[in-house]
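Thanks for asking me to take a look. Here are a few notes to read with the structure open beside you.

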Amino acid sequence: MNPSIKLLLLFIIALEISFTTIISLNIALVILATLYLLWRRTSLKTLGWLLIVPLLPAIGLWSTQYINGTGDNAQMAWVLFTRIYAFVFTGATFTLTTDILELADALEQNWHLPAKFAYGVLAAYNLVPKIQHEVKVIRMAGLMRGQTLSFWSPKLYFKAILVSINWSQNLAQAMQSHGFVEDAPRTHYRHVPLRASDWSILVIGIGLLQIGAFAIPWR
Amino acid sequence: MKWAKSWYLSDVILLALIGIFFGAIFMGTNYVYDVLTAALSPIGLGGLANELLLGLWCMPGMLAGYMLRLKGSATLGELLAATVEMFFGGQWGIATLISGIVQGFGAELGYIVTRYKHYDWLGLTASAATTTIVTFGWDLARNGYYKLQLWLLILYFVVRFISMFVFGGLLTRLITDMLDRSHVLKSSHSN
């Protein structure tokens with residue numbers, strides 16, 4: 001399926017369930033997402049992880065609403081609890097099955113996102129492991145001089161920004177020296193088709209969501 | 001797209017890199033969030049952890065708006081950080097992206113109301129205020145805040161603004177002061 005359409009559908013789902021208060025709808029979405037993930041051969045370990053990670057924030061929201069809510073607070077508490085899981089599971093159907101390269105290709109080819117945005121983000125994304133390492137290096141360098149750099153130390157961010165400025169110019173230069181020209185038309189090696197079936201899935205998905213949100217008399 | 005022309009490739013990469021760097025630093029604060037949430041949940045104040053740390057997560061947007069001084073840089077800075085986090089930090093999926101847009105737009109609004117002219121305390125404070133208001137409006141629906149008792153809402157709002165001001169205002173100002181003194185900003189936007 002076209003990654004951009006998939007993202008759009010999930011985006012609409014996430015937006016809509018932010019405003020609905022139907023517990024069963026949230027649970028139905030979690031089940032559908034789980035089935036899809038199983039069909040895409042997601043490991044049980046990953047699914048278990050998806051269950052555990054949001055537990056703490058979900059409990060936080062639940063207890064806030066249960067203890068300090070107004071009106072039908074138990075109902076709202078469970079709405080929020082299940083909503084978090086609906087966010088996480090529907091989101092996982094995208095992040096676990098699509099990589100950022102496919103999304104960038106789709107946004108550039110199907111939606112005419114300027115190439116510098118698509119490839120610029122990709123270039124930065126590929127540095128993630130290096131960036132994690134660099135944060136350690138900066139902290140270590142601080143320690144050697146007797147400075148503990150914590151997340152509230154401006155110096156830590158300052159040094160990170162200096163590295164970012166340096167790397168961004170190097171990367172841009174490297175891309176340009178390999179023939180990347182800003183705002184010039186490009187040809188594509190990987191083609192991302194946008195088929196009629198993608199549009200049908202989007203329309204059907206949104207339609208089903210409306211039935212779930214407005215037509216089915218959930219209890 | 002005239003707007004896109006004012007952006008250089010290196011600007012886009014820079015914003016994305018800063019977003020990832022900050023994200024990598026914020027990972028270290030997860031334990032603060034976990035401990036606070038676990039401690040405060042039994043008395044129904046679990047959301048406070050989020051309120052206290054939210055300013056941190058909104059910092060890339062405010063800082064990007066201040067650093068690049070281009071229309072849309074605050075929104076884009078936060079959005080890029082969220083996009084990368086969606087794929088790499090992972091578990092919040094699409095919700096990260098929506099939060100990124102909301103937070104980025106909130107930060108941008110502060111620079112919009114000061115007409116992209118006040119890269120000083122006024123601009124930063126305005127940005128902290130608008131980010132608080134916009135994200136709070138979103139949480140009224142998303143996190144069901146509209147159902148909470150009034151005193152708690154006020155408490156959350158005040159704490160959130162303080163967090164925005166401390167991280168997005170004070171800390172951002174300290175960082176940008178260092179950048180100004182080192183004269184790196186001018187060279188970063190002229191290649």
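1. Let me start with a single residue. In this predicted model, B:Met86 is in contact with A:Thr95, B:Gly93, B:Thr96 and B:Leu97, once its neighbours within four places in sequence are left aside. That list takes in residues of chain B and one residue of chain A, A:Thr95.

2. Where does B:Met86 sit? You will find B:Met86 in helix H5 of chain B, which covers residues 73–88.

3. Is B:Met86 buried or exposed? B:Met86 counts as buried because 24 C-beta neighbours lie inside 10 Å, and the cut-off for buried is 20 or more.

4. Now for the two chains together. Contacts join 66 residues of chain A with 61 residues of chain B. On the chain A side, helices H1 (3–19), H4 (55–68), H5 (73–95), H7 (115–125), H8 (128–144) and H9 (154–177) each supply at least two residues. H9(A) gives the largest share, 15 residues. By type, this side of chain A comprises 46 nonpolar, 17 polar and 3 charged residues.

5. Last, the annotation. An unreviewed UniProt entry places "transmembrane region" features in chain B at residues 12–33, 45–67, 79–101, 121–138 and 150–171. In the model, residues 121–138 of chain B are 100% helix and 0% strand, with end C-alpha atoms 26 Å apart. Residues 150–171 of chain B are also 100% helix and 0% strand, and their end C-alpha atoms are separated by 30 Å.

Notes:
Residues numbered from 1 in each chain as written. Chains lettered and ligands numbered in written order. Predicted model: local features only at pLDDT ≥ 70, side-chain atom pairs only at ≥ 80, totals over all residues. Contact = placed C-beta atoms within 7 Å. Helix = DSSP H or I, 4+ residues; strand = E, 2+ residues; numbered from the N terminus. Nonpolar A, V, L, I, M, F, W, Y, C, P; charged D, E, K, R; others polar. Buried ≥ 20, exposed ≤ 12 C-beta atoms within 10 Å, placed from the backbone. UniProt positions renumbered as here; feature names shortened; annotations may be inferred.
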